[in-house]
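Please look through the structure below before reading on. The paragraphs that follow go from one chain to the other.

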Amino acid sequence: MERRTASRPAPIRRRAFFGLLSAGLLVGMVGSSLATASPTPEQVAFFETKIRPVLAQHCYQCHSAEALRAGKLKASLLVDSRAGMAKGGESGAAVVPGNREESLLVAALKYEGFEMPPAGKLPDEVIADFETWIDMGAPDPRDEPLASIDERTIDLEEGRQHWSYRRLAPVSTPDVKTAGWVKNDIDRFVLAKQEAAGIAPAPEAAKATLARRVFFDLTGLPPAPDELELFLEDGSPDAYEKLVDRLLASPRFGERQARHWLDTVRFGESGGYEFDGDRPGAHHYRDWVIKALNADLPYDEFLRMQVAGDLIKPGDYDATAATGFLVAGPYPGQVTAKTVEPIRYDQLDDMVATLGSSVLGMTLGCARCHDHKYDPIGHRDYYAMIACLGKAVQRDADIDPDPATTKQRRDAWLAERAPAAAKFERFQREELPGRLARWLAADAAAQQSAGWLALDPETFKATKATLLEEADDTVSASGKLEADDTYVITFRTHQRGIAGLRLEGLASPSAPGGGPGAGKDGGFRLSTVKVTAAPLVAAADRKPVTPKLSALATTFEDPGFEFAKALDGDGATGWSTSGQPGREQAAVMAFDQPVGFDAGTLLTVELKFEGKEHGLARVRLAASDNPVRAGLGGASAPQAAREVAALLDAARAGGRDPATGPEAAELLRWFSRLDKPAAEVRDALAAIDAKEPKPDLLKVYAAGNGGWVITGNSQAVKSGSQDVFVLARGEVGRKKGKAEAGFVLATIATDVAEQRLLSAPDSQPLSDPRLGLASFLTDVPQGAGPLAARVIVNRLWHHHFGRGIVATPNDLGTQGDPATHPELLEWLANRIVENRWSLKSIHRLIVTSATYRQSGAVSEAGRVKDPDNKLLWHRKPTRLEGESIRDALLAVAGTLDATMYGRAGLDVKAPRRSIYLNVKRSEPIGFLQVFDQPEPVQPVGARGVATVPTQALTMMNSPFVRSAAESLAKRVRTTLAIPPTDPSGTAVIDACFTAALARQPSETERAKFAGLLAAREQAAKGDAAGRQAALADVCHLIFCLNEFVYVD
Amino acid sequence: MSGSVSRMGELMLPARREFLRDAGLGFGALALASLLGEESRANTSTGASAALALPHHPPKAKRVIWLFMTGAPSQVDTWDYKPELQARNGQSLPGADSQVGFFQTSGKCLASPFAWAQHGSSGTWVSDLFPHLSKHVDDMCFIHSMHLRANNHAPAAMELMCGFSRPGMPSMGAWLDYGLGSMNHDLPSFVVMHERKPRGDDQIWSAGFLPKSHQALAIDARRPVAIDNLALRTGHTLGSQRAELDLLASLNADHAALRPTQADLAARISSFELAYRMQTAAPEAIDLTQESQHTHELYGTADPKCKVFAKQCLTARRLLERGVRFIQIFAGKNAAGDGAVDDVPWDGHNNIETNHRECGLATDRPAAALLADLKSRGMLDDTLVIWGGEFGRTSDSQGGKGRDHNPGGFTIWMAGGGVKPGYHYGSTDPFGYKAVENKVHVNDLHATLLHLLGLNHEQLTYRHNGRNFRLTDVGGHVIDDLIA
């Protein structure tokens, strides 16, 4: 390297060029080049905020390239590019930079000559913006050429000729020679091709082989030994069909098939990008998919719910959860005003690209920037589709999953409450007046002498400390006793004319310094006091007030830290009392105006202890109508009696019955503190009221209509508009006018108008185009139903044979692989539509076919003529997916927890099925990832199957696999009742084989494993644990066999 | 797309794809090759590399190590000296654009708080953050005009490593493994090292839609066990495991013999052999006790300020020696209160001085040691070292002393591996704010890097969801000026 440097001329230093120029010259260059060559950022900002949106909203409909294509262009005027503005229309230039007089656009906006927009004159300030902009020189960043977009005109008729975009056509089954092999019509299609190629199908697989295959395919689990035995011993001719029906009815079926669907819809439970925030309610969607597939929800309904469940059944748990489909994609964790719009378009792209791949087998995402290069998908179609989704955003919906039970519980509670409520009312009506009268006569007068009213705290909260109410109406601080705290305490009262408060800082044995402050030396510094009086009952003439406070008296104050400093509104100054540990302190403050509303008052007292000093350890507040007279050390009366008196006065003054009138509730509240029978009857009702049943609301991560959701941002970002614009080249800065809702035209029947699919039967537009989209997808006569049917039956085929009839399940377009059996695919598509979109009916057809039941036997003819087995002349072993390998280990070990639904966390050792493990985008589960679990960010139709040594390491060394081996060993030994110190013998090997591989070992295999087992047991020398480990070694090795992960 | 098919020759033929999928590219194919008793290395006539007919031309670099300065270092405080910015501290920044940063910036110039001096015979200006690296400027090839689209960390890191600012795309290391295969028997080809995971996590080094055999091995500096499942289970020895594996191989061979059409059964058999070897090879490869005291001192493995990165760099050198092709280390260490958080240590929003000082101390010495060490071993000639973060920072201030994100212009440097030494390419404006001359987009950088490794970026494609994808999407030009 040094040698080369030496032989090279001195390196070029481009920056030296700038060094020669004077600073002034440089700055001048930079400034002027920006001003002349292109608009300044400020000018662009002006255009983007003031000009473009107006043009897009009011003018593009008739004056844009889009309008031109739609045949709606008026006056040959295009205002969606700078060049178009300059060229103008039939009447001349629309804009003359710097000259508002000659700019016809301004005249038209002012309704001088032309009247634009025709719907109504725009506000004057908008017109003024246009004048300002023209005065600036009409800076316009839209530099696309006049015939702006690089268009590929799609020939719709030609595009529709591609097989997958055609309408569904009936298919007749072909004739075959070896009809005896045929079990159902599927086999005719397959056999006809084989016969044409001169290949014969393989014979049916052995029963045990077939059992293991169909168990894994339908349920993702191996057959348990008893289930296997049941099937093997069933000699009836339809034993296999009965097994298939059992498996289709098993809850394990949905758990297995849901995983396939989740792959195609990029399901995840976190946002990805930065922070990868969790979505704790996202699993409801996964649970719904499992439930729906188990219930054999018709596929059209299955899709409708995912696209628009929230609109079809608002508030319904299942329908809401289903819409998790739309919003399952990644979403940034940090959003600012600058990025919110592009992120929104990315989100819409994620929704529509997923919809395209998973439901339509179309690469819709390719049309975001331009017309699709190969398939008949227009740029216009893409924006029509995202416009259907324009209002859909993610949300956490509070949903009652079981409203019927909630209603039952509420009805039961109401029934329980009725007698207590009746008793309460009777007491109020019949007994309360007399008791009040007796109380007034006996006790009321005694309460009137004290100058202060001790306030009984209603609520109390501190920023740091924990506040607790104690006897004597005091509130004490404990827990985090730190500087810089704020206490907020509220009180209810019916007193009028409250003119001041007394604040007491009391001694507190539990505080480090004994009080009154919470500091070690008993110190505190009260920096700010704020009092607010708000009406208990809102009314137009009752406005909350914040009286100004002034200091009247204090027990003690440090020089420079007088009580008045706590009332001056300056948080930097305050009241403190140093060197007074353990001594109670008090301060009296006066209001500048008396407070108290006529239906009661909520007093809020905020005490701030800002800075480095502590708060008060124990406080009490009292109110007075005359704080000067009541004095610093004056006596205080408890609140209840005074409040009862005040309420009685108020009722009497208004001529109302205190026991049943508007004062009654408050009156009872206070009176019950003074009167035992009142307390009893009130408490009895309160105890029942406290039990009022609440629905068990779930937070469901779902789609819903609203403004753009802005989450996780550190700046306030306004939610955006629900309008969707067509973007030239997919760039947010190049809007071409509002996008109208619609569909991919090539998927609509030729004689059907797009708008009809967006209308209700009465021809009125649907309330939301998303509803139209939801029906369009499976609309067989008019919409994309034929395509959706072909896509889903191909997926089911793919999952049962390891390869679809079209090997690219996410792409049935012109760039996808050609179908190996196109007529069969068409026939299956017809079947699912006829079978009312029953997925289970197609599963059943496929797995009961002779094609599916073939063995792996290799024929010479097949091997030579069709080495890739495209004609399906035998069964190729397929490797289990990571989830099935893990589930099989748990099942064989006997440790699988069959609980359904919910979140099983991120720990591979959790004994739940893999589908319940969390899908956190930044933390893939190692075991599943190593076995090709796809990234949950894009739709995946066919998983990769790689063979890597980390898989072998996992099987050989991971604690998870070892623990499964140990569990199996234990289980087998227990079942066979072999004492711990006895040799295991060969029976255990047979049992392990049956559990793990659904078959007995061959003689050779038995001998080989017996050899290993004997050697290991011998080494253990009668040690029970050692013997057990030896058997675990055998189990472990069985798990490592190719046969364990490859299913024949 | 059809053009690509013909250029890619056999790769895109369905039968060939089927074979590659069944054989499981990369490790699987290697395993297959080793099963057949053949040498498996790139450019041989066996295995996946041969099937891909790659490389496309003779490579100048065989290995890459990317020192990823997580959180984005400021160009005007590191390698892009701007006297104009220094002279106009606090004055309005000409052309200040409120759309550049991620948050809000002042529009006022913030002079670099660091001392600058010229180094080497190239006279390269370097700030005093890098007393060690500045001794190597004559080996470095600087690009001062980098730019990309995303202006936040995770999307930008994805854009820089995967070519797209959204998740799900394969990163460069995965593409290289896909295109070139492995150069070793018993170690992965693509290794990532991090302490706190960078913002964006695994998405930055994802294999995306490529087969999982191309995924990175991530080594977390905080974990006592570097690689999962390498340790034998309790009570097991290599001897007892060998006995089991021999038994396993014979049983699996019997099983495979009955299923002659299934190629990956054989691949899986040999994957156990490869795994067996990895158990000893991998721990040996990352065992730093085998390095001399002198080497440890050179890297600074005992210096509390930089020991994490020092150990990572030293480990990386050992892995490079053993045939690992692509290594990426996410590096940096922030100071308290500088506005950065652990997953983006160079992110000096509040205080560029304290932040970059700390990050400099954490990275300078080990990075310089790596250059010196590679050079002394003769490895720098065909090892490409890259230093850079996900974007640059604003020339105007954020909150007085900090700088905001700036994807519009930043500096990265490369060394070794066929790039021009002591060379400066492209420039930002006089304030270091935006790339203006010979601008280099991420796609161009990727095209150039692939070229150095012997690959044509337009021909390295993978078909996914109906489209042939490239690391460089639909852009990218090889910058010949950078190549020695």
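Two residues are in contact if their C-beta atoms, placed from the backbone, lie within 7 Å. Helices (H or I, at least four residues) and strands (E, at least two) are DSSP runs, numbered from the N terminus. This is a predicted model, in which local features need pLDDT of at least 70 and side-chain atom pairs count only at pLDDT 80 or more, while totals for chains, interfaces and linings use all residues. Residues are numbered from 1 along each chain as its sequence is written, and chains are lettered from A and ligands numbered from 1 in the order in which they are written.

Chain A has domain 1 (41-135), domain 2 (414-442 + 638-692), domain 3 (451-634) and domain 4 (882-930 + 947-1047); these bounds come from an automatic or database domain assignment. Between the C-alpha centres of domain 2 and domain 4 of chain A there are 70 Å.

Helix H19 (residues 379-388) of chain A is mostly covered, with 10 of its 10 residues buried. A residue is buried if 20 or more other C-beta atoms lie within 10 Å of its own, exposed if 12 or fewer, and partly exposed in between; C-beta atoms are placed from the backbone. The buried residues of H19(A) include A:His379, A:Arg380 and A:Asp381. Among the elements that cover them are helix H18 (340-360), strand S15 (725-727) and helix H25 (769-776) of chain A.

Chain A also has an open sheet of four antiparallel strands, in the order S3-S6-S11-S8. Its edges are strand S3 (457-462) and strand S8 (528-535) of chain A, each of which pairs on one side only. Two strands pair if DSSP finds at least two bridges between them. From one strand to the next the twist averages 15 degrees, where axes are lines fitted to C-alpha atoms, for helices over the stretch in contact, and angles run from 0 to 180 degrees between N-to-C directions. Strand S6 (residues 485-493) and strand S11 (residues 601-609) of chain A run antiparallel and are joined by nine bridges. A:Val488 has A:Glu606 in S11(A) as its bridge partner.

Chain B contains 13 helices and 17 strands. Of its 484 residues, 64% count as buried. One residue to look at is B:Pro170, in the loop between helix H6 (153-162) and helix H7 (172-180) of chain B. B:Pro170 counts as buried because 28 other C-beta atoms lie within 10 Å. Leaving aside residues up to four places away in sequence, B:Pro170 touches several residues, including B:Cys162, B:Trp175 and B:Phe209.
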